[in-house]
Amino acid sequence: MKPFLPSPTTLLLCGLISIVTLRSDNMRAAQAPVVRTLAAPPVARPNAQGVANAAGTPRPRPAWTDGTAAPPTATTSWSQTDPFAPVYIVTSRDTYQGIRGLARDAVGRRDSTGMPLVISEIRADSLGEIGRHVHVNERRCGGFFAFPNRAQAEAFLHADRSRQAMTKSLLASYTLDNQATVDRWLPQVEERRIYDTINYLSSYRNRYYASSFGKTSAEWIRTHWQSLAAGRSYVTTELFTACTNCSTQPSVILTIQGWDLPNEVVVLGAHLDSINANNRNDLNQLAPGADDDASGIATLTETLRIALSEGWRPRRTVKFMGYAAEEVGLRGSNAIAQSFRSSGVNVVAVLQVDMTNYKSGAVPDMKLIADYSNADLKNFFVTLFDTYLAPRGLTRGSVACGYACSDHASWTNAGYPAAMMFEAGGPNGSFPYIHTTSDTLATMGESAQNSVKFAQFALAYLGETAKTAPVRFTGGPAPVFREGG
Ligand code: BES
Ligand code: ZN
């Protein structure tokens, strides 16, 4: 196995994002109102014949065979949130420098890796300013963990296990011996299905954690995932609501029970919420979040469809997760990771899938996130890529994401091995329309082709971490043992 060495020129993400982002939003506002087609055909099947990926040609909206209604378009009722409520955030010291004017009662801390951090208090309604301040003033990402009170923020840092999680895997080693399964899966990925899921999710007005859409879109994901598991008694879904600061938005968890190593858990996750950083305090904000992160949920949904369609059963238990409230401080994933830690769940690997659908110009096909991740798992990601995707002509790079930039950081903090593959963006930086009204399929060429690669990566990860049990589901009551195991 070739060791993963982050290149010395590894760039930090977000470098050029926000300046472009803010300007593009202003330009939109000055030009024309956003026109979005929202009506879904009431009964049609998901776009069975598919449509060519002609850039700029919107394809028909999907309807779903599970009978789920089309997403709401205009009316909603809002859950209660108090914009003046204090929120306690943990940021890097650098990020704190950029948002000093918004924060009060700051105290310096370090995590177990020695990283200088700051706990500070801000008003709920200035949360969205953090990213903007940092992006504009410092030209980099400004991730943070958010808590409802200072005691929880302190307890979080006190219990931090990042050092252990970054250096040591809970599995003796990750192995590569399940090519039979993975090779069968990879050609089955269908761009049209990923497109349809992104299309559906991004047609909610927003998936903001505190809005009613944030809740109903999460419930739709649960229903849709459950429909993919129809007839599989070893697959269950749940809404995870034990998050004290996720408002009414649940996280979604689908579990495939492991056949012979059920206590070893493999996680694949993506955040299900969205945000409009320019309009953050409006619960009716327009935040389609097609790339960030409907693309991640859609990538996982296609991975799940393929894995379940032929009755595959894993040796280890597998959990697909849609996290609530990532955009306001990694809240859903942190609640899950902490709860797993307290109940001693043995998570052996976590894949984070956040933004998969944008690529522009001569950049690699995907980038491994270099920081706040487990070293062994990163090496394994490189091996997976070189084994399964490089032969298909794909290329990889790496990039640093900054402190607490996505949900893998929640798992790292809780002591679990996590890593993330990320879209490469363009030559001048990442997706320019992140957190704006223009994070749509239209600004990604009306195609989900880039996400196909990530679904293939997720399938390789799934097959090689969870492994294939020596059984096949036949639809009958008893499992049938396959010759040769
Ligand atoms: N999907 C992004 C993370 C991201 C954005 C990674 C751009 C790389 C480039 C995520 O949803 C996000 O917005 N993260 C915030 C922090 C979060 C805690 C609000 C960030 O990194 O600024
Ligand atoms: Zn985001």
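Tutor: Gladly. Start at Leu351, which stands opposite Ala419 in strand S12. Strands here are DSSP runs of E of at least two residues, and helices are runs of H or I of at least four, both numbered from the N terminus. This is a predicted model, in which local features need pLDDT of at least 70, side-chain atom pairs count only at pLDDT 80 or more, and totals for chains, interfaces and linings use all residues. Residues are numbered from 1 along each chain as its sequence is written, while chains are lettered from A and ligands numbered from 1 in the order in which they are written.

Student: How many bridges join S9 to S12, and do they run parallel or antiparallel?

Tutor: Two strands pair if DSSP finds at least two bridges between them. S9 and S12 have four, and run parallel. S9 is also joined to strand S7 (residues 261-271), again parallel, by six bridges; there, Val350 of S9 is the bridge partner of Val267.

Student: Is S9 mostly covered or uncovered?

Tutor: Call a residue buried if 20 or more other C-beta atoms lie within 10 Å of its own, exposed if 12 or fewer, and partly exposed in between, with C-beta atoms placed from the backbone. In S9, seven of the eight residues are buried.

Student: What packs against the buried residues of helix H11?

Tutor: Contact means that two C-beta atoms, placed from the backbone, lie within 7 Å. The partners of H11 include S9 (346-353), S12 (418-423) and H13. Eleven of the 15 residues of H11 are buried, among them Phe380, Phe381 and Phe385. Leaving out residues up to four places away in sequence, Phe381 touches Leu368, Ala419 and Met421.

Student: What span should H11 have?

Tutor: The expected span is 1.5 Å times one less than the number of residues. The 15 residues of H11 (residues 375-389) should therefore span 21 Å, and the end C-alpha atoms are 20 Å apart, which agrees.

Student: Which residues touch the most other members of the largest nonpolar core?

Tutor: Such a core is a set of buried Ala, Val, Leu, Ile, Met, Phe, Trp, Tyr and Cys residues joined through C-beta atoms within 7 Å. Of its 131 residues, Phe145, Ile198, Phe381, Phe457 and Ala458 touch the most other members. Helix H13 (residues 449-466) gives the largest share, ten residues.

Student: What is the mean pLDDT of the chain?

Tutor: pLDDT is the predictor's confidence in each residue, from 0 to 100. The chain's mean is 84, and 78% of its residues reach 70 or more. Over residues 15-56, however, the pLDDT is below 50. Where pLDDT is low, the predicted coordinates should not be read in detail.
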